[in-house]
Amino acid sequence: MKLMREKAVLLDKQDKLQPFRNEFYLQEGQIYLDGNSLGLLSKRAEKSTLDLLNSWKIHGIDGWTEGENPWFTLSETLGVQSAHLVGAKKSEVIVTGSITTNLHQMIASFYQPAQSKPAILADELNFPSDIYAVQSQLELKGFDPALHLKKVISHDGQTLELCEIKKAITEDVGLILLPSVLYRSGQLLPMKEIVEFAHKKDIIVGFDLAHSIGAVPHELHNWGVDFAVWCNYKYVNSGPGGTGGLYVHERHHGKMPGLKGWFGSEKEKQFDMDHAFTPSNGAGAYQIGTPHILSSAPLLGSLSMFEEAGIEGIRKKSLKQTDYLIELLEEHVPSYGLKLVTPKSLNERGGHIALEHPSAASICKALKHYNVIPDFRAPNLIRLAPAALYTSYADIFDAVMILKKIMKDKEYERFQNTRNVIA
Ligand SMILES: *Cc1c(COP(=O)(O)O)cnc(C)c1O
């Protein structure tokens, strides 16, 4: 056992990203594996937030145009800083809104139902809020979600097959919304192939990058993806309610957004206070109201770490860590009914792994009792996410040993198998 832990410690010593761990606020004695739900605070994100508060303190109203990071262009500045994470041109990204509000904006802008193509295609495993947004956008355009919201079916209840996705891309579909990485199983979808296939049929394709941004590299521009949305509070560590982001391919720039608001204006024109709206010539056009400056501030610090670490290196470590985690689970917790539902193939795996168990809720509570922070998804899923910037191999080893003890002695049976308010 001691030898095995030494291997984890050695992996940490060899890890080039290891120094970033010291920049995060990790709680003494705790193993945090929930960075795919809410990433931890870093010292840089804390500093950029305090700096921003200070600019308010000093400049008052003039903070919009003065100081190190003028608020008037902060969303654009952060869009430029985020572009490498999604593989986009600088003008194709803006930091704004949340996933759900950005989805409303994207669908309002891109779903222009022609008589022959009224359907929107999503999938039956998607996150509820994404589905709600699609439902209301269909209803707003006079369509019935029961008939016009189509969903790719899943055979195993956890993953989607490319052939099923293709089968569902029928001639009546006008817009496709799929996740990059499925929020439950952690399956990574072949975005490039999906776009290629759908564009041959003249269908708009958008992705929700909630579970891939900050963990997986993207090439949205080269793949020709039409639009994408994401949040920054998961792997990008921008804090609870941190401002999200969106991408729109440059071939769509200059069009009128579905939902207009003054912060989507051409910057030069915004304060003319003209009732005729002139959209910005980039992703910025899809902003609506005054940006959430205080909720964007942590990103300044956080994104600087991603720039330094590089998303390719982060992905490499992330895969190595989930491989290590899977290997340890297979070796130490092979029985006890825990079933890995995440694809093992590297090009189908996002940043987290998921285990199915009928007592998943109790197991998560038992893990928390031992200061291991997992993520529970009803009714029976345990998600474990090593975050490359701050999770160590020793963390992963220790967490699996604790899980083993909980399973072997059935310690989880002491905890109620019901979910708490949040997960
Ligand atoms: C986290 C998450 C959301 C949350 O949406 P918000 O509008 O940011 O609250 C939506 N969809 C998916 C797939 C998610 O993982």
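User: How is the chain divided, and how far apart do the C-alpha centres of domain 1 and domain 2 lie?
Analyst: This is a predicted model, in which local features need pLDDT of at least 70 and side-chain atom pairs count only at pLDDT 80 or more, while totals for chains, interfaces and linings use all residues. Residues are numbered from 1 along each chain as its sequence is written, and side-chain values use heavy atoms, with hydrogens and water left out. The chain consists of domain 1 (2-32 + 310-414) and domain 2 (48-308), with bounds from an automatic or database domain assignment. The C-alpha centres of these two domains are separated by 29 Å.

User: How much area is buried between domain 1 and domain 2?
Analyst: Buried area is the accessible area (1.4 Å probe) that two parts lose on being put together, summed over both. Carbon and sulfur atoms give 58% of the area buried here. The total between domain 1 and domain 2 is about 2100 Å².

User: How many residue pairs are in polar contact across the interface of domain 1 and domain 2?
Analyst: A salt bridge requires a side-chain nitrogen of Lys or Arg within 4 Å of a carboxyl oxygen of Asp or Glu, and the count between the domains is 0. A polar contact is a pair of N or O atoms within 3.5 Å; within protein, one must be able to donate a hydrogen and the other to accept it, and residues adjacent in sequence count only if both atoms are side-chain atoms. With both residues at pLDDT 80 or more, the number of such pairs is 11.

User: Is Thr-96 buried or exposed?
Analyst: Thr-96 sits in the loop between strand S2 (93-95) and helix H5 (99-110). Its contacts (heavy atoms within 4.5 Å), leaving out residues up to four places away in sequence, include Asn-102, Thr-243 and Gln-287. Buried means under 20% relative accessible area, exposed over 50%, partly exposed in between (1.4 Å probe, protein chains only). Because its relative accessible area is 12%, Thr-96 is buried.

How values were computed
Helix = DSSP H or I, 4+ residues; strand = E, 2+ residues; numbered from the N terminus.
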